[in-house]
Amino acid sequence: MSDLKLFVENIASADPKAYGVYPDSINTYNDGNAYAFMAEVDGVTKLIATCPCLGVKGERKDGYILCDLTHENAIALRNQFPFTAPRPVLREERSFGVGDRLGIACPGHIKVFEKYDAMPVFAQQSIRELDLTNRTYEDVLDCVTFAVFRDGFKRGFGADGDHLKRAQDVEYALGLGFSMITLDCSEHIVGGVDEMSEEKINAAYKADKTIEELYLGKKFDIGEGIELEFTMDELKKIVIIYGKAIDFAVEIYTKYFADGKFKADFEVSIDETATPTTPLQHFFVANELTRRGVKPATVAPRFCGEFQKGIDYIGDIAQFEKEMTVHSAIARFFGYKISVHSGSDKFSVFPIVGEKNRQVYHVKTAGTNWLEAMRVVAKVDPTLYRAIHKYALTAFDEATKYYHVTTDLTKIADVDTLTDEQLPELFNQNDARQLIHITYGLILNLKNEDGSFTFKDKLYKLWKDYEGEYSAALVNHIGRHLELLGCPKL
């Protein structure tokens, strides 16, 4: 164990690294008379404070307090050092979400956003992801707080309660200080309307004279040479599809955002559906939200083609470019940003997203960060990776209950036929990527007969031992996303 007492006595002149201290974590408080920093103590990361007025709890030593990385201590840091607490970032030109399912990716993410002029959303999880990883929003936010404190990242970051569907979940995230809520309206969106007969459409449509007078017989000029107009048939379908979703968004916004009680951004997500959002539908949703007093920071349409998890865009790129031209113009007209969900690895369309949105956008990634962690496993511990891969094959069908993919397991090479050096190459093949991508919860939660975890503890030890390799992989991989979006460098 490093002699932290000696370091504390000589903070101004001592070499932090010689004592296992993270140099960028050294901060003063109590009018400059006290220090807080993080250090490796017997292989465990600890928080050290030299004065109890920081409000942390830990073991009292001679001249300092040795603290575990607990929720209470994370709160103390956020109270004393504002840079460790999330803030709204969606009103910045460029923002980028990097969902970290493991709670260990933030050091790598920090290195990415020290290079690129986009505001990071370091804490970004859905309730589904929390359930599959047995985590809480407290844990998600605390991991980020400790990471930005440890590495001295002071540009600011956001925290996203992602894809929330219930008022109580919105309240839960906001109450913890999350600075962004993504409201998932999918359960209120009616599918299959394009396949309905005229008779069924007429039966489902509730005539609304106000809506009809607002939209029929008019051309909506949104600038940039783009005009939109509605036919009666189109209007009926749009009202059926999105009417209840708009009501839901208005209800949540009015309850939690309208009065400004919470310092948080509001995103409306209409992307979790099978049917793409046409530009005309997008305009209707945006216009109705605006008319009813909702001011979203971002809106996430369901774009044409397929945005499957962890692989590149599937679809007609020319059509995507044509529709993105209008989607982006609609967003500018109403004063919000386009949000691109399932943005992991959509390399072929990133240049279009960046160009058409004039470098004003929000993009979300999640599973690709987990995949980079597993690529490291394949590289440094082939035996462990082979066991995980084989288990994932057996768990795949169960995982498809949570994620829509078109994975063909027959296209994945048998790991027993691959050399150790070939295993990382599996992460360059779409079917293998999706296999590992969607089975993360089952992999992490698998237990032996004695109740111990089969893989989880081994994985976390490996990732701690190879933190540098994981961070480097994230810098390269997430950096590629930002490069192709055209994000300026700092």
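Me: Before we start, what does "buried" mean here?

Reply: A residue is buried when its relative accessible area is under 20%. Keep in mind that this is a predicted model.

Me: What makes strand 8 mostly covered?

Reply: Strand 8 spans residues 158-164, and seven of its seven residues are buried. Each of those seven therefore falls under the 20% cut-off.

Me: How do you know that strand 7 and strand 8 are paired?

Reply: Pairing needs at least two bridges. Five bridges join strand 7 (residues 119-126) to strand 8, so the two count as paired, and they run parallel. One place to look is Val121, which stands opposite Gly158 in strand 8.

Me: What makes strand 8 and strand 9 a pair too?

Reply: Three bridges link strand 8 to strand 9 (residues 180-184) in the parallel sense, and at least two are required, so this is a pair. Gly161 has Ile181 in strand 9 as its bridge partner.

Me: Why is Cys67 called buried?

Reply: Because its relative accessibility is 0%, and the cut-off is under 20%, Cys67 counts as buried.

Me: Why is Cys304 called buried?

Reply: Cys304 has 4% relative accessibility, which is under 20%, so Cys304 is buried as well.

Definitions and conventions: Residues are numbered from 1 along each chain as its sequence is written. This is a predicted model: local features need pLDDT of at least 70, side-chain atom pairs count only at pLDDT 80 or more; totals for chains, interfaces and linings use all residues. Side-chain values use heavy atoms; hydrogens and water are left out. Buried means under 20% relative accessible area, exposed over 50%, partly exposed in between (1.4 Å probe, protein chains only). Helices (H or I, at least four residues) and strands (E, at least two) are DSSP runs, numbered from the N terminus.
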